[in-house]
Structures are given as C-alpha cells and as structure tokens.
Amino acid sequence: MPDWTLQGHVSGEVPLPSVIPSARALTLLGLVSLLFLVSTPLALAADALILFLVLIDGRRARAPSAAREVPRISAMAAPTDVLITVSNPGPHDVTVRVTDDLDPCLRRLAGPEGTDEWEHGKRVEMAAGSSVRCFYQIMPRSRGVLILGAIHLRTRSPWGLAWLRSSVDARHTLQVQPGVRDLLRDRSGYAIRRRLRAPGSRRNRQWGDGREFESLRDYAQGDDPRTIDWKASAKRRKFVVRNYEAERSQNIVLAIDAGRHMRERLSPLRERMDYALGACMMLASRAQNFGDRIGVLVFDDRIRHVSPPRRADPAGLAKVLAGIETRLTEPNYPLALATLGRTFRKRSLVILFCDVIDGSVSKALVSSLARIGRAHLPLAIAIRNPALEAAAMRTVREADDAFYRAAAEELVQARATTLQVMRQSGILVVDTPPGDTLVRTLDKYVEIKERGLL
C-alpha cells in the first residue's frame with residue numbers, strides 16, 4: 001500500500017477570495033453596450049448596475065473547503081494517484097471548478113476529458129452539505145523532491161453572475177525515487193528474479209566457484225576437475241566433487257559519477273544517471289539476499305555524499321539516491337577514488353557507474369581505478385549512448401553529414417580504446433546500452449559472487 005498523507009490548510013499566506021464576472025454577466029454587459037447608440041448616460045448607468053449586481057452576487061457565494069491526498073513517495077516515470085476532496089458545508093447547492101499547481105517536472109496525465117479537464121478547472125456539481133472526491137494521475141519526469149502547490153477553486157454565485165475565486169494553501173512534497181520496473185526487460189528481468197529469488201529465511205544458495213563449502217555430490221560430466229574431493233572419492237570409490245556457494249557478508253561500494261556525462265539524456269524521460277540509479281536500487285535489493293553490506297560514494301568535481309558500508313537497506317538507499325543531482329562539471333576521479341580508498345578499508349567490490357569519452361578524464365579514471373585495484377575489486381559499468389553510435393554509422397549525403405559522422409566515429413573509437421585499456425589493466429568492465437544496464441549489472445554481480453572473485 002502506498003504511504004499516503006493528507007494535508008489541507010498548512011502554514012503559509014492564502015490569497016484572499018476575489019470576484020470575477022461570469023460569462024452570463026459579460027453577455028449582459030455586451031447587450032447593454034447597445035444603449036450607447038441611444039444614450040451614453042443610460043448605458044453607463046446600466047453597466048454600473050450590472051457590475052454592482054455581479055459584486056453583490058459574488059459576495060453571496062460561499063467557497064467550499066478542499067484537501068489533497070498524495071503519496072509521500074513515488075517512482076520516476078510511474079503514474080501516481082492524486083485525490084482532491086472538495087466539501088460544501090453550506091445550505092445551498094454549488095457549482096465549483098477545481099484545479100491545483102504542479103511542479104514543472106510533474107506531468108498531469110490525460111483523463112477521460114483530456115488534460116484540459118484539470119488545467120482549465122474540473123467542473124464539480126455539489127449538493128448542500130456534500131463532499132466530492134476528484135482523482136487524477138501525475139507522471140514524475142525527474143528525481144528529487146517535487147512540489148504540489150495550492151488548490152484553486154472557482155465557485156459560481158447563486159444568480160450565476162460571478163465566480164468567487166479562492167485558494168487553499170495545501171503544499172505537498174513528493175519524493176521521487178529512481179524507478180526500476182520499466183527498466184526490467186521481460187525475459188532478462190524474469191531470469192534474474194528467478195536466479196536471485198529470496199528463499200524466505202533460508203540461505204540463498206548460489207553454487208559456483210565461491211569459497212564457502214556447501215555439500216558433496218557425485219561427479220557429473222563437465223564438472224571442473226579442481227573441485228574433486230579426492231579423500232571422499234577414495235572412500236566412496238567414485239569421483240565426488242565439492243559444491244561451493246557464494247560468499248556472504250561482503251562489502252559492495254556504489255561509486256556514482258554525478259558529472260556532466262551522467263547528465264546526458266538517453267531517452268525522452270531518463271538521463272544516463274537514472275539508468276545507473278535504477279541498477280543501484282535493484283542491486284541493493286539482491287545484495288540484501290546475500291547479506292552483503294552496501295556503501296555509497298557520490299561525486300562530481302567534489303565529494304557529494306559518502307556513507308559507510310551497512311546492511312543493504314533498499315528503502316534507505318532510495319532516499320539517498322532520490323536526491324542525487326547531476327552537474328555540468330568534469331568528474332574528479334583521482335579525488336573520488338582516493339577518498340574511497342581512505343574510507344573503505346576492507347576489501348570491497350567497487351561498482352563505478354560512469355561513461356568514458358573525454359581523453360584526459362578517461363586517463364585519470366583508468367589510473368585511479370588501477371590504483372585502488374590493489375586493495376579492492378573495481379567494476380566499471382559504462383553506459384553507452386545509442387544516438388552517438390547511430391551517428392557514427394549515419395549515411396553521408398551532404399558535407400555537414402560527413403563532419404558529423406567523423407566526429408561521432410572519433411568519440412566512439414576513443415571510448416572503445418579506453419575500455420580496452422581498462423580491461424588490460426585488470427579492471428572488470430560492463431559496456432552496456434541504457435536499457436540493459438540493470439540486468440547486466442546484476443548478471444556481473446552474480447558472476448563475481450559465484451566465482452568468488454571478491
């Protein structure tokens with residue numbers, strides 16, 4: 001169930017109600033203007049009378065109260081329900097138009113009558129002493145804390161000559177966390193979930209080349225001869241092999257580059273950073289099954305956040321990741337990885353989410369990762385830009401196309417060269433398109449656990 005909060009009138013200055021003429025009043029003023037053809041004083045008197053009636057009728061209107069319910073937490077690119085309750089405590093039926101203010105990064109989804117239904121005010125007919133519940137959905141288009149502002153009401157007057165405009169200062173904060181559901185591919189995601197499913201309170205057994213002995217079993221064709229237990233084989237007079245399971249309670253450090261490359265938008269809704277944070281969220285959930293500890297380092301040209309290794313807590317990690325903002329600065333890899341080396345003393349799997357384009361920055365990255373590789377196991381998750389790769393294969397029709405393609409080819413080749421140098425330096429590398437970041441990160445994590453590389 002979502003964590004709902006109900007907020008109505010909160011601290012803040014609420015604009016005073018104001019009266020505006022209705023379409024009926026404007027029509028009357030238009031008709032009365034014909035009197036200017038006969039007598040200007042008579043026409044002005046008629047206009048003054050109508051405006052006086054508009055003012056009197058508007059003052060007779062009684063604005064209803066309103067409150068809004070919205071979850072405290074939402075996921076990026078996931079539809080989120082919003083409920084506005086309008087209550088009419090007065091003794092007469094009223095007609096109200098309701099709308100509210102949204103953060104620019106929140107998109108209101110079209111309802112049965114389209115988005116104009118709310119942008120121009122949702123019309124609500126209310127009986128005396130009744131309440132009406134109005135639903136709509138929003139789509140968060142960025143992470144972080146987004147604001148839902150005041151609720152605006154327009155109440156039609158008893159004679160229909162005016163609208164009483166009022167507002168309720170119902171400020172809400174919506175914490176938007178990295179979403180992972182739409183990043184899971186159907187087949188790959190299902191395979192990963194099966195592979196890493198949590199078996200209740202039992203140990204999560206992942207047989208492989210880990211160091212923790214689990215059991216003995218008969219040799220089968222294809223088994224690694226190094227796993228044969230010669231003493232047990234001699235006793236049973238047949239080959240017996242040892243089963244090992246992935247080690248537990250190890251340190252995982254999520255090193256997240258928040259510099260300019262991670263700000264690049266790789267889809268209509270998501271930056272490169274969003275794919276990285278989605279992978280972090282799912283990896284933390286799976287690390288919880290293994291009992292591993294998760295530490296976090298966020299940096300750009302400075303260190304933005306450091307948290308020491310602790311038992312994997314996906315909910316707590318989501319709050320940290322939701323507040324990460326990318327900046328148009330070059331990442332300082334030497335500073336970040338030197339800080340990591342001083343902060344995380346125990347051997348850890350360091351998973352760095354980044355991309356490599358710029359030559360000088362890439363050299364600093366390779367040398368820094370190689371340096372911490374003496375004490376830790378570095379893994380670089382490099383998220384590709386499909387648009388750049390498409391540009392490098394673009395058909396040349398004009399001179400500008402040739403220059404554009406040459407520049408893209410140079411960047412793609414520089415990136416490939418840097419990744420190859422990283423591999424030759426003993427750094428594990430996952431080169432992945434954006435949509436596969438989550439699955440390939442989990443695959444590599446499981447492989448490292450099964451092979452006992454850490």
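A crossing of two helices is called right-handed if the near helix is turned clockwise from the far one by less than a right angle, and left-handed if it is turned anticlockwise. Helices (H or I, at least four residues) and strands (E, at least two) are DSSP runs, numbered from the N terminus.

Welcome to this structure. It is a predicted model, in which local features need pLDDT of at least 70 and side-chain atom pairs count only at pLDDT 80 or more, while totals for chains, interfaces and linings use all residues. Residues are numbered from 1 along each chain as its sequence is written, and side-chain values use heavy atoms, with hydrogens and water left out.

**The whole protein**

The secondary structure comes to 12 helices and 21 strands. Of the 454 residues, 48% count as buried; that word means under 20% relative accessible area, with exposed over 50% and partly exposed in between (1.4 Å probe, protein chains only). Contact means heavy atoms within 4.5 Å. Among contacts between residues at least 6 apart in sequence, 76% join residues at least 24 apart.

**Helices side by side**

Two packed helices are described by the angle between their axes and the distance between the axes. Axes are lines fitted to C-alpha atoms, for helices over the stretch in contact, and angles run from 0 to 180 degrees between N-to-C directions.

| Helix pair | Axes come within | Crossing angle |
|---|---|---|
| H1 (residues 23-32) and H2 (residues 40-60) | 9 Å | roughly 170° |
| H6 (residues 272-290) and H7 (residues 314-322) | 9 Å | roughly 160° |
| H6 and H12 (residues 437-451) | 8 Å | roughly 35° |

Angles under 35 degrees count as roughly parallel, over 145 as roughly antiparallel, 65 to 115 as roughly perpendicular and the rest as oblique. H1 and H2 are therefore roughly antiparallel to each other. Their contact is made by Ala25, Leu28, Leu29 and Val32 of H1 with Ala43, Ala46, Asp47, Ile50, Leu51 and Val54 of H2. By class, this contact has 9 nonpolar, no polar and 1 charged residues. Here Ala, Val, Leu, Ile, Met, Phe, Trp, Tyr, Cys and Pro count as nonpolar, Asp, Glu, Lys and Arg as charged, and the others, Gly among them, as polar.

H6 takes part in two of these pairings. With H7 the crossing is right-handed, and Leu277, Cys280, Met281, Ala284, Ser285 and Gln288 of H6 meet Pro314, Leu317, Ala318 and Leu321 of H7. That contact divides into 8 nonpolar, 2 polar and no charged residues. The crossing of H6 and H12 is right-handed too, and its contact has 9 nonpolar, 3 polar and 2 charged residues.

Aspartate 57 sits in helix H2 and is buried, with a relative accessible area of 0%. Leaving aside neighbours within four places in sequence, aspartate 57 is in contact with Ser157, Pro158, Trp159, Gly160, Leu161 and Ala162.

Histidine 172 is found in strand E12 (residues 172-177) and counts as buried at 0% relative accessibility. Its side chain reaches the backbone oxygen of arginine 68 at 3.1 Å and the backbone oxygen of alanine 170 at 2.9 Å.

Glutamine 137, in strand E9 (residues 131-140), is partly exposed, with a relative accessible area of 34%. A polar contact of 2.9 Å joins the side chains of glutamine 137 and aspartate 81. Such a contact is a pair of N or O atoms within 3.5 Å; within protein, one must be able to donate a hydrogen and the other to accept it, and residues adjacent in sequence count only if both atoms are side-chain atoms.
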